[in-house]
Amino acid sequence: MINPEIIDTANKAAARLARENPYCEADDISQFILLKYWESRSRFSSYEPAALYSIFRSIGLEHCKSERLHYTYQTAEWIYTPREVRNVLKHAYYSEDGRELIPNRKDDLIRVAGDPRSIALSIWDIDEAFGALSEEHQAAIEQAYLHGNPPEHGSAGQKRLQRAIDRLTERLNTKSAVKAHARDEARL
């Protein structure tokens, strides 16, 4: 039997990962974490339940990466994470050089979308989704990335920017889900 505190720690790690990786369910992540924990419980016996949080996040992230790869290969749609969206906004979206990098035809989707030197697909997707954001969210992103004035850590401005990036990420991923749904409907 697994200690209820360990289950609670796994559930907390899974909930956070599910928010960061919208293509994964928290319950599935938690089950994966607890299975890995059970398989290697002797290795974890010296840890206090609360100290396992970081380890459980790493284990859960392994599950999320696997699910993302599976989804991408099955649908040919890339699923964005807030971290990737921030990286594209920071390093390429408002950069003339970044917009000129076109992926090579022989590159596969995973390498193209994951390669910071080959971000054309991400930029095009953001171009489509950006206009659907509220003016407040657009302004927060532009202030930080276009004008190079990121908000101070822990400030209300940082919270506003994080919400804007979360909404942009949701729009990007919803666009992919809508395309997949339309493709499925066309098959029927």
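This is a predicted model: local features need pLDDT of at least 70, side-chain atom pairs count only at pLDDT 80 or more; totals for chains, interfaces and linings use all residues.
Residues are numbered from 1 along each chain as its sequence is written. Local features need pLDDT of at least 70 and side-chain atom pairs count only at pLDDT 80 or more, while totals for chains, interfaces and linings use all residues.

**View 1. The largest pocket holds about 1000 Å³ of space.** A pocket here is an open set of points on a 1 Å grid over the protein atoms alone, where a 1.4 Å probe fits, with protein on both sides within 12 Å along at least five of seven lines; lining residues have an atom within 4 Å of a point. Volume is the space filled by probe spheres set on the points, which are joined across faces, edges and corners. Among the 34 lining residues, Glu-20, Asn-21, Thr-81, Pro-82 and Arg-83 sit closest to the centre.

**View 2. Helices around the largest pocket.** Look for α1 (4-20), α4 (53-75), α5 (82-93) and α10 (156-187), each giving at least two lining residues. Helices are DSSP runs (H or I, at least four residues), numbered from the N terminus. The largest share, 13 residues, comes from α10.

**View 3. The second largest pocket, at about 200 Å³.** Its lining includes Arg-86, Asn-87, Tyr-145 and Gln-158.

**View 4. What kinds of residues line each pocket?** The largest pocket has 11 nonpolar, nine polar and 14 charged residues. Ala, Val, Leu, Ile, Met, Phe, Trp, Tyr, Cys and Pro count as nonpolar, Asp, Glu, Lys and Arg as charged, and the others, Gly among them, as polar.

Conventions
Side-chain values use heavy atoms; hydrogens and water are left out.
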